[in-house]
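Please read the following numbered points beside the sequence and the model.

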Amino acid sequence: MSSTVSAYIFPTIVKLLTANYTAGDESILLCDPTGASFTITMPAMATALNRRYYIKRTDVSNNTVTVAVTDGTLDGDATFVISAKEGSITLVTDGVGWFIL
């Protein structure tokens, strides 16, 4: 019995953020909400298939970073708030929903 494994390799693109942003081709989003809380909106699932997004807070303020999706849900919810100082999440989609790894 044989099986086929498909692998897609995307370049690592790092984006430094301090305000609301819609994710695209980046794979690493470094977020500094020191000045104010803000929201990262994930791209449509159809354009994000086979991608992995790493989102990391880089500050220790009391502000937060909210991750929102435009379609589907994020582990069953519309948003996820990174409130932990220097907290992070990793996201993937299967085209039906977003998942936190």
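1. Thr-41 stands opposite Ala-68 in β6. The strands concerned, β4 (residues 38–41) and β6 (residues 65–68), pair in the parallel sense over four bridges. Strands here are DSSP E runs of at least two residues and helices are H or I runs of at least four, numbered from the N terminus; two strands pair if DSSP finds at least two bridges between them.

2. This is a predicted model, in which local features need pLDDT of at least 70, side-chain atom pairs count only at pLDDT 80 or more, and totals for chains, interfaces and linings use all residues. Residues are numbered from 1 along each chain as its sequence is written, and side-chain values use heavy atoms, with hydrogens and water left out.

3. In which order do the strands of the open sheet lie? The order of its four strands is β2-β4-β6-β7, with mixed pairing. Because β2 and β7 (79–82) stand at the edges with a single partner strand each, one side of each has no neighbour in the sheet.

4. The largest nonpolar core has 19 residues, and those touching the most other members are Ile-40, Met-42, Ile-55, Val-67, Leu-91 and Trp-98. At least two residues of this core come from each of β3, β4, α1, β5, β6 and β8 (88–93). Such a core is a set of buried Ala, Val, Leu, Ile, Met, Phe, Trp, Tyr and Cys residues joined through side-chain atoms within 4.5 Å. Buried means under 20% relative accessible area, exposed over 50%, and partly exposed in between (1.4 Å probe, protein chains only).

5. Leaving aside residues up to four places away in sequence, Met-42 has contacts (heavy atoms within 4.5 Å) that include Ile-55, Val-67, Leu-91 and Trp-98.

6. How many salt bridges are there? The count is two, where a salt bridge is a side-chain nitrogen of Lys or Arg within 4 Å of a carboxyl oxygen of Asp or Glu. Arg-51 forms one with Asp-25, their closest N and O atoms being 3.5 Å apart. Arg-51 lies in the loop between α1 (45–48) and β5 (53–57) and Asp-25 in the loop between β2 (21–22) and β3 (28–31), so the pair ties together parts 26 residues apart in sequence. Arg-51 is buried, at 17% relative accessibility, whereas Asp-25 is partly exposed, at 49%.

7. The side chains of Asp-59 and Arg-57 also meet in a salt bridge (2.9 Å, N to O). Both Asp-59 and Arg-57 are buried.
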